Amino acid sequence: VPDTIAGRSIVLVGLMGAGKTSIGRRLAARLGLPFRDADQEIELAAGCTIPEVFARYGEQAFRDGERRVIRRLLAGDPMVIAYGGGAFMDPRTRETTRDEAVSIWLRCTLPTLVRRVAGRDNRPLLMGRDREDTLRQLMDVRYPIYAEADVIVDCGDEPPDHTTSTVMQAL
Ligand code: S3P
């Protein structure tokens, strides 16, 4: 584990389709740290899928749960955590993240994101919408905030192992 992160968790932020989960898993394996996916932790806690959480309880309840799950994860031993795409937009989550972890933004271009979210129906914010338009709007709102991450890694269309190496070098 590089000195720069010793004792802290690593958090991956970025839009849906950026590769937070696939890179997170690989990064954790290479660093010998546990991996957690915030969305999956929410599903475990809620006992249902993310689309079901949105449908049954609404987005605000999801966001509250997401903030609590992340606070709990960050309070534990160092690990690699993949955030959901909206998590870092919460000011309190950004503050806790700044205090407890090293954050990495996986910055991708719109065409890459559109390609990666194609054919999947597990994301309530994209359901029944034009995915490209929606992702473009989310980029406008979120990229200035994601830019507060400690490290920014530009991801092209390369395979996840390649991006993981880029992240390792950036740490
Ligand atoms: C969301 C992203 C999703 C999930 C939820 C909301 C968002 O996570 O948390 O559907 O607001 O961008 P992924 O980024 O892992 O798809």
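These legends describe close-up views of a predicted model. Local features need pLDDT of at least 70 and side-chain atom pairs count only at pLDDT 80 or more, while totals for chains, interfaces and linings use all residues. Residues are numbered from 1 along each chain as its sequence is written.

**View A. Helix 2 against helix 4.** The axes of helix 2 (residues 38–46) and helix 4 (residues 59–75) come within 10 Å and cross at roughly 110°. The two helices are therefore roughly perpendicular (65 to 115 degrees). From helix 2, A38, E41, I42, A45 and A46 meet G65, E66, V69, I70 and L73 of helix 4 (C-beta atoms, placed from the backbone, within 7 Å). Seven of the residues in this contact are nonpolar, one is polar and two are charged.

**View B. The ligand shell.** M16, K20, D39, I50, G84, G85, G86, R123, P124 and L125 surround the ligand (C-beta atom, placed from the backbone, within 6 Å of it). This shell divides into four nonpolar, three polar and three charged residues.

**View C. The largest nonpolar core.** This core has 35 residues. V11, L12, V13, A38, Y83, I104 and L106 have the most contacts inside it. Strand 4 (residues 101–108) supplies the largest share, five residues. Not counting residues up to four places away in sequence, L106 touches L12, G14, A18, G19, K20, I23, V153 and C155.

**View D. T97 in helix 5.** T97 lies in helix 5 (residues 91–100). T97 is buried (20 or more other C-beta atoms within 10 Å of its own), with 25. T97 touches V11, L74, F88 and S103, not counting residues up to four places away in sequence. R67 is 30 residues from T97 in sequence and 11 Å away in space, C-alpha to C-alpha.

Conventions:
Axes are lines fitted to C-alpha atoms, for helices over the stretch in contact, and angles run from 0 to 180 degrees between N-to-C directions. Helices (H or I, at least four residues) and strands (E, at least two) are DSSP runs, numbered from the N terminus. Angles under 35 degrees count as roughly parallel, over 145 as roughly antiparallel, 65 to 115 as roughly perpendicular and the rest as oblique. Two residues are in contact if their C-beta atoms, placed from the backbone, lie within 7 Å. Ala, Val, Leu, Ile, Met, Phe, Trp, Tyr, Cys and Pro count as nonpolar, Asp, Glu, Lys and Arg as charged, and the others, Gly among them, as polar. A nonpolar core is a set of buried Ala, Val, Leu, Ile, Met, Phe, Trp, Tyr and Cys residues joined through C-beta atoms within 7 Å. A residue is buried if 20 or more other C-beta atoms lie within 10 Å of its own, exposed if 12 or fewer, and partly exposed in between; C-beta atoms are placed from the backbone.
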